[in-house]
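Student: I am new to this structure and would like to learn how to read it. Please take me through it a feature at a time.

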Amino acid sequence: EVPAQAYNPLFIYGEAGLGKTHLLHAIGHYLHQCSPGSVVRYVSTEQFMNEFISALQSRSIPDFHRRYRTADLLMIDDIQFLEGKERTQEEFFHTFNALHPRSQIVITSDRPPKKIPTLEERLRTRFEWGLITDIQPPDLETRLAILQKKVYSEQLTVPGDVLSFIASRIQTNIRELEGALIRVVAYSSLTRSEVNIELAQNVLQHLLPNGSEARVTSDLIVAVAAEYFDVTPEEICSPSRSRPLVTARQMAMYLCRELTDLSLPKIGERFGGRDHSTVIYANNKIRELMQERQSCYQQVQELTARIRQQASRG
């Protein structure tokens with residue numbers, strides 16, 4: 001309610017999928033409600049870097065400065081991607097100094113400042129001026145509440161015992177938790193089956209964790225998707241927009257979002273340097289198709305099974 005008065009900057013860190021980006025948007029919306037005339041800027045580190053490079057090339061640095069250095073609230077997501085980017089670090093250092101302490105700065109990362117390698121010490125020091133707080137994976141009660149809210153907001157019909165089953169088995173992050181719910185509802189809709197625990201167990205058998213499960217990587221997902229769709233990993237990550245490649249690419253992006261802890265910018269980077277908005281579109285597209293087409297749902301299930309099997313074999 002009184003930005004820049006305390007906890008400035010606010011540095012929030014935690015693993016991917018725990019809701020850091022969602023929290024930033026909530027902060028921005030709340031400030032707009034409390035102070036409608038406030039200038040709020042949200043930007044991913046990737047976008048900040050790309051806009052800075054574009055401004056240098058087009059000689060429009062003054063416009064770039066006006067956009068970010070006049071904000072009442074600046075929220076920058078995934079600041080860890082500044083590591084190794086010396087020129088962009090310098091630009092953000094001066095942006096920080098132009099805003100602080102007049103304006104509120106909120107930063108997110110997947111790790112605390114001291115654990116970001118190659119981050120300039122002067123930036124690290126400034127990040128530690130305010131409040132550093134972490135986001136932990138949700139406990140059982142919170143996971144259940146998240147599922148209940150999802151069911152209510154999307155007007156789904158899912159019994160309480162099924163929600164409790166999903167909440168008790170998916171413990172890693174919110175993204176995977178909601179993904180499990182979507183799979184159960186999609187299968188029920190496609191097969192006109194009643195949603196119960198047996199159905200949930202069958203649908204989620206390849207998604208549920210086990211003690212010996214190996215870590216799934218984006219490289220593994222791309223390789224398995226390429227083999228499944230009879231294309232090469234290089235083609236999946238290429239600029240080509242042919243229909244078979246778009247399908248394979250969107251499916252692989254969706255599975256990277258669901259089965260790994262990679263952030264949206266990192267997934268986009270893995271797929272030929274694409275923007276995070278492309279990853280969001282692919283994720284939403286596959287979710288829609290899963291509820292409309294049996295073939296798409298089956299492809300997701302088969303790919304997940306193959307990926308899990310290959311990961312366990314190492």
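Tutor: This is a predicted model. Domain 2 puts 15 residues into the contact, and domain 3 puts in 18 residues.

Student: How is the area buried between domain 2 and domain 3 described?

Tutor: By its amount and by the atoms that give it. The amount is about 1400 Å², with 46% coming from carbon and sulfur atoms. On the domain 2 side, the residues losing the most area to domain 3 are Arg175, Arg183 and Leu190, which together make up 53% of what that side buries.

Student: Now to helices. At what angle do the axes of helix H6 and helix H8 cross?

Tutor: An angle is read between two axes. For H6 (residues 140-153) and H8 (residues 174-191), the axes cross at roughly 50° and come within 10 Å. H6 is therefore oblique to H8, and the crossing is right-handed.

Student: Which residues in H6 and H8 meet?

Tutor: From H6 come Arg143, Ile146, Leu147, Lys150 and Val151; they meet Ile174, Leu177, Glu178, Leu181 and Ile182 in H8. Sorted by class, this contact of H6 with H8 has seven nonpolar residues, three charged ones and no polar ones.

Methods
Residues numbered from 1 in each chain as written. Predicted model: local features only at pLDDT ≥ 70, side-chain atom pairs only at ≥ 80, totals over all residues. Heavy atoms only, no water. Axes fitted to C-alpha atoms, helices over the stretch in contact; angles between N-to-C directions. Helix = DSSP H or I, 4+ residues; strand = E, 2+ residues; numbered from the N terminus. Parallel < 35°, antiparallel > 145°, perpendicular 65-115°, else oblique. Left-handed = near helix turned anticlockwise from the far one by under 90°. Contact = heavy atoms within 4.5 Å. Nonpolar A, V, L, I, M, F, W, Y, C, P; charged D, E, K, R; others polar. Buried area = accessible area lost by both parts, 1.4 Å probe.
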